[in-house]
Amino acid sequence: MDNEHQARLKHFTALKSKYQATKYEDSSPSSLLYLILRKADLGIEITDVEFDWLREHQLSETIEILQQKQQLRIEEHKKLSAEFAQLKAKYKVNHYWISDISSLLYVILCKLESASGLNNSDVSWLRDRGLPQLAEMADKLRQDIELFAALKVKYRADKHQNTSPSSHLYQILKRLEKEQQLSDSGVNWLKKNSLLETLEIYQQIAAAREAEFSQLKEKYGANKHPDSSTSSPLYSILRNVDADRQLDKSQLEWLEKNGLSETLALVREIEQKRHFAELKAKYKSTQYEDASPSSHLYKVLQLIDSGNLLGEQDINFLKKRKLDETIAIAQEQYASSLKSKVNAGEQLSESEIEWLKNNGREDIITLAQQKRFAALKRKYDASDYKDNSPTSLLYEILLKLEKRERIEPKEVVWLRENRLLYPDHKIFIAYHTIEATFGEQEYKRTGNKWNLVNASSHWRKADKPQRALEVTEKLDIDKIKEDKLKSAIMTTRGGAFRDLAQLKDAENCARKAIEYQPNSHHPYTLMGAIYYDRRQYSEGDRWFNEAIKRGAKTEDIDAEIKKVVRDTKDKNQRQEVAEYLLKKDPVRYDWVRAYLKKPKN
């Protein structure tokens, strides 16, 4: 106990001397002064109460020392905090909530800055706190430090004191490890830093590389290239070749540019052999012993790999060599390529379909038909038709329309029955376009002008009234003897003019048609429609009645009136004609209610 008391007395005396408080007479360790000086010596902040006590005991010199020390501590703390903030900003962790300079983060950032002393626990600490990028950087630095230390031992440079991976020595040692040539500046740096053993090792490596380069040039026919330096691109190229590594495009171009044709030929042969071996493994034909790229099997396997269909001669070649597994793979691969083609929306050729049939892959044919049918239904606005089976008659019809082939009369009836053939619909337009084209072709073949009448009529239904006029405009009516034909020509031309809203020309044609054949109901029906277009409905009815007297059916007249109402773009005119028809016969024209304006609430 006495020893401890003596030690405390001695400590108190030393502190009083250090902080210039010797004039304070009380030397008891229980004195408040001892507590204040101990706190100050430990860097603990002195309170205002304690400073007041010092003033009370007139220890002004002590107060000044303590205040200076405390101010220095505050300033140093600010500096450390600022440095910590700068490091956090530099390493992009300024979002991290820790700002206390006692944090381990500060220590780790200082280690990163000085490139030394990092360990696995530092890396783990960073990862655990959600700083993966910084952890990765720290881990990389740690690995570099460890590698640097190992390389210094390996290449007898461990006497060099710098341990930072940023050292020039680290870059030199890494080049040695990769057996790369040093620059003159690198060699001079080793000499300047007295790393002669390291330099000797490098010179041994360089001599071995030069010998290797000479052997490789001999082996691969590149002796005529004058450069013997291992820094030459040729050295790395030949090493890649010797290690059976494939050359890239730039390396092949370098060989060609430098006139190393013999080397280039050897390289290509090696690469072909490698490729041949890869293809044999891929297509189960490794039992075939010939490894020469000139082998016919190589050509066959290349065909398979490119997705091409093998010809009968190639299949027989494989069969004779009992490469049945190769054939099976080739066929499955080709079938898969056809399936991919179908899924991509492409059409199969006739030869491809035939191959699928012969090889029992009707599933792909069916898939192709289903895809084709769906695409055609979309194209011709028939997607609402529920039957999706390629056995549907609609599929056969759409295929014909797509090929611009005529469809049979029974198929036309089927389309009408299934409400798939009506004006302005795409199937309707396609059908009449094909029929119009056929009519023109028949006219060219036979000279029969009735074919042009039919063609003109179909062009009108295909919504091509201008084309309908063109097919008949070169006909010389005066040279035609048959009045029925002349009337039909003028009627169809009048209809085309009416479609183009050229009502005066339409009327002229209709009246000429009546002159040629007064008893035909067709021109009278046309006249009725013309007057309906002119909103002269009573006059139109008079012409329609004349048409009925000459054999026109009531339903045909009603169809023409429906067309007038449907095609009228003027809403007021449509309302007007609808009201007129309902007033005339509300039962017969009940359908027109759908075109009436809905009353406002």
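Let's start with C110: its relative accessibility is 34%, so this cysteine counts as partly exposed. Keep in mind that this is a predicted model. C509 is another story, because 7% relative accessibility falls under the 20% cut-off and makes it buried. Here are the two together:

| Cysteine | Relative accessibility | Class |
|---|---|---|
| C110 | 34% | partly exposed |
| C509 | 7% | buried |

How many disulfides are there? The count comes to zero.

Now for helix 24, which runs over 483-499. Most of helix 24 is covered, with 14 of the 17 residues buried. After the helix comes A501, which has a positive phi near 65°.

What about the core? The largest nonpolar core holds 45 residues, and I489, M527, I530, Y532, I561 and L581 make the most contacts inside it. At least two residues of this core come from each of several helices, including helix 24 (483-499), helix 25 (503-516) and helix 29 (571-584). Helix 26 gives the largest share, seven residues.

Y532 is worth a click: leaving out residues up to four places away in sequence, its contacts include Y537, F544, I561, Y580 and L581.

Conventions. Residues numbered from 1 in each chain as written. Predicted model: local features only at pLDDT ≥ 70, side-chain atom pairs only at ≥ 80, totals over all residues. Heavy atoms only, no water. Core = buried A, V, L, I, M, F, W, Y, C linked by side-chain atoms within 4.5 Å. Buried < 20%, exposed > 50% of the residue type's maximum accessible area, 1.4 Å probe, protein only. Helix = DSSP H or I, 4+ residues; strand = E, 2+ residues; numbered from the N terminus. Contact = heavy atoms within 4.5 Å. Disulfide = S-S within 2.5 Å.
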